[in-house]
Amino acid sequence: MTVYICEDSLDGILCGVYDAWMSRKGHAQVRLQLDGCFEQELFTEYLIARREVEKADKVITSIRQKISERVYEKVYVASLSQDPDRADKIYRFLIYGFHFGEKVMDMLQIPAVFEVFQMCRNVYNENHLLTGFVRFSRVPDRGLLFSRIAPKNRVLSLLAAHFSDRLPGERWMIYDENRQEAAAHLPGKGWAIFQADPDMRKEINNWQTDGKDYEDLWKIFHRTIGIKERFNPKCQRTHLPLRFRGYMTEFE
């Protein structure tokens, strides 16, 4: 067995797909693993799938031309999943994709296809929740709206696309604390995602926002409209899981 170690990114995974496929060792004799997400096994060869833009572009072009744009979208979203085995699952999915073409989208009876759809569903669900749970506070001395999140999946790019359309005329930043990544938007110039270095993280932690004022307003609003006799914490947790509340103004 040969295991190709991939960088944790879409390009990194696709470079692993390229190397595994071009090795001609047979699909059953190769496996993809993300760097840092595996334990070494006996009688297994480990190779580094180096990230190269040219290799990733070749795989993307092949997926789009030989299978479909819809399949490429699934691969992209699956690469954002928290599943530690996502690289190999994407590889298995593409094996069937290149064999059956776009019809693979309807073949959920195949485990490799079903697993990719499961990962995509998990990513889409968390992104959908966060579009409603993200809370912005204004940073007066920076002139921007700022929000912190800590998602399980890497949904920052999906959120950035949503809020770019929702708040096109605002300067805003969404910071993913789990991955130390930030999405920044400028009016009329779109958005970009960048890795926050230690100095940037320290600066972000020192920002003063106007969140306290809105926190008080939200709490007054909740107390005013709440019906004591209908208070149901279990139902609340169903619609608003506890893990999101630490980043929501009204629960701080």
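Author: Helices (H or I, at least four residues) and strands (E, at least two) are DSSP runs, numbered from the N terminus. Two strands pair if DSSP finds at least two bridges between them. The model is predicted, so local features need pLDDT of at least 70 and side-chain atom pairs count only at pLDDT 80 or more, while totals for chains, interfaces and linings use all residues. Residues are numbered from 1 along each chain as its sequence is written, and side-chain values use heavy atoms, with hydrogens and water left out.

Reader: Which residue in the turn between β7 and β8 has a positive phi?

Author: G188, at about 80°; the hairpin of β7 and β8 has three residues between its strands. Strand β8 covers residues 190-195 and pairs with β7 in the antiparallel sense over six bridges. Within that pairing, A183 stands opposite I193 in β8.

Reader: How many bridges join β6 to β7?

Author: Five, between antiparallel strands: β6 is residues 172-176 and β7 is residues 181-186. Y175 has A182 in β7 as its bridge partner. This hairpin has four residues between β6 and β7, and Q180 in the turn takes a positive phi of about 50°.

Reader: Next, the aromatic residues. How many aromatic pairs does a search of the whole structure find?

Author: Rings of Phe, Tyr and Trp (its six-membered ring) pair if their centres lie within 6.5 Å; planes under 30 degrees apart count as stacked, over 60 as edge-to-face and the rest as tilted. The search of the whole structure finds eight such pairs. One of them is W21 with F98, edge-to-face at 5.3 Å centre to centre and 80° between the planes. This pair links distant parts of the chain, with W21 in helix α1 (residues 10-22) and F98 in helix α4 (residues 86-100), 77 residues apart. W21, Y91 and F98 form one aromatic cluster.

Reader: Which charged end sits over the ring of F117?

Author: A charge sits over a ring if NZ of Lys or CZ of Arg is within 6 Å of the ring centre and within 35 degrees of the ring normal. Here the charged end belongs to K74, 4.5 Å from the centre of the F117 ring.

Reader: How do I read the span of α4?

Author: The expected span of a helix is 1.5 Å times one less than its number of residues. With 15 residues, α4 reaches 21 Å from its first C-alpha to its last, close to the 21 Å expected. Just after α4, G101 takes a positive phi of about 75°. The buried residues of α4 include A87, I90, Y91, F93 and L94. Contact means heavy atoms within 4.5 Å. The buried residues of α4 pack against α1, β2 (30-34), α2 (53-67), α3 (69-78) and α5.

Reader: What is meant by a core, and which residues touch the most other members of the largest one?

Author: A nonpolar core is a set of buried Ala, Val, Leu, Ile, Met, Phe, Trp, Tyr and Cys residues joined through side-chain atoms within 4.5 Å. In soluble globular proteins, nonpolar side chains tend to be buried together. The largest core here has 57 residues, and L14, L32, I63, V71, V75, F93 and L94 touch the most other members. The largest share, nine residues, comes from α5. A second, separate core of ten residues includes V139, L144, M173 and A182.

Reader: What does V123 touch?

Author: Leaving out residues up to four places away in sequence, V123 touches V77, L80, S81, N153, V155 and L158. V123 lies in helix α5 and is buried, with a relative accessible area of 0%. N127 is also placed in helix α5 and counts as buried at 13%.

Note on methods
Buried < 20%, exposed > 50% of the residue type's maximum accessible area, 1.4 Å probe, protein only.
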